[in-house]
Amino acid sequence: MARNKHRLAFFLLRHGWAKESKENFLENLAMLLSAGLDIYGALDAVQAENRSRLFRRLVNFLISEIENGSTLWQALEKTGTFPRQAVSLIRNGEKSGNLPDNLKVLVAQRQKEQGFYGKIRSAMIYPLFVLSLAVVVGLGTSWFVLPRLAQVFSSLDVKLPAITQWLIDFGYFMAHYGYIFVPAVLAFLIIFFFFLFFFKYSKFLGQFFLLRLPGIKKLIKQAEVARGTYILGTLLNSGLPIVEAMDSLIQSSDIRAYRRFYEKLKVGLEEGNSFRKIFSQNRTFSRFWSPAIEQLILAAETSGNLPNVLLKISSSFEEKVSGTSKNLAVLIEPILLIIVWLAVLAVAVAIFLPIYSLVGSFNH
């Protein structure tokens, strides 16, 4: 029974429950270990200050596993609640005696990742808000206003333009079936966007679409380069072997195209090839890491300074992400205004054309 409770708790933690507690765990553990507490005291302190039952169950499991002879990384690996890169860094830290420092590296990585993805989200929030508002207003107008306009126009003895006739037909449709049509459209949009951008097994389709949109494509690539080179640089700096670091990078990437790119890099490195040979044999890699980045990595590989160069690349691209996200918002705003303006213009033309025709007939 206890084992099943643990499994349920681990499953819920993996899928976002007690997220704040989970994110603070590594940071608090790093501070407590740096202050001189042993692993038991640090875990007890973390558990005492946390109110989440799920998370307390996780910490209880970790303590019991360590008491039975497991290391921290082995206990964490059994839970499956933390990504592989975190487990690898903790394992490396325990072996080298630098566990507090490696935990701090993990905390910094998570903060960086949240910053990168936060910039992408902030760039997308405004256009999504405007489009959502336009859809809601459009459906509301169609449901409540068009049926009344349809009644008015149908009573006029005037030949109606095609656009107006279409508007009237749609108004009658909404009058009879709007209570079904509007909820169905909203439900379809919610389900469509969920499967396109959030569902684990189909969100690569949304990524494929976004990676072909001008501006957004540039922002995503810059953010992934900054994030990937930062993770790889910090992992190498902490003492992980290059192949193991690449494996952690693959697990941490959320973009399918880049994950495949990292997998090909890892295969080449596992075969004992240098970056120079790998890049020369795969010309398509320049779609993910530009020729300038490749040259920097080749120079760093020759000089033995790869981790620091990767971190410098990350810092440079982090600044580019900030600039691109601001420019993207400025670029998208007028495009959205034009789309909304065209929709309003079409409705206005459909309404005023028959009125103009009616006034003209009075003059004759």
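My entries on these two places follow.

**Ground rules.** I am working with a predicted model, where local features need pLDDT of at least 70, side-chain atom pairs count only at pLDDT 80 or more, and totals for chains, interfaces and linings use all residues. I number residues from 1 along each chain as its sequence is written, and side-chain values use heavy atoms, with hydrogens and water left out.

**Helix 10.** I looked up Lys203 and found it in helix 10, residues 203-210; helices are DSSP runs of H or I with at least four residues, numbered from the N terminus. Is Lys203 buried or exposed? Lys203 counts as buried because its relative accessibility is 18%, and buried means under 20% relative accessible area with a 1.4 Å probe, protein chains only. Leaving aside neighbours within four places in sequence, I see Lys203 in contact (heavy atoms within 4.5 Å) with Phe195, Leu196, Phe197, Phe198 and Asp254.

I then listed the buried residues of helix 10: Lys203, Gly206, Gln207 and Leu210. They sit on the same side of helix 10 because they cover an arc of only 100 degrees around the axis, taken from the directions from the helix axis to the C-beta atoms. Their cover includes helix 9 (162-197), helix 11 (216-237) and helix 13 (256-270).

**Helix 16.** I also checked Leu342, which lies in helix 16. Leu342 counts as partly exposed because its relative accessibility is 45%, and partly exposed runs between the buried limit and the exposed one, over 50%.

Conventions. Helix = DSSP H or I, 4+ residues; strand = E, 2+ residues; numbered from the N terminus.
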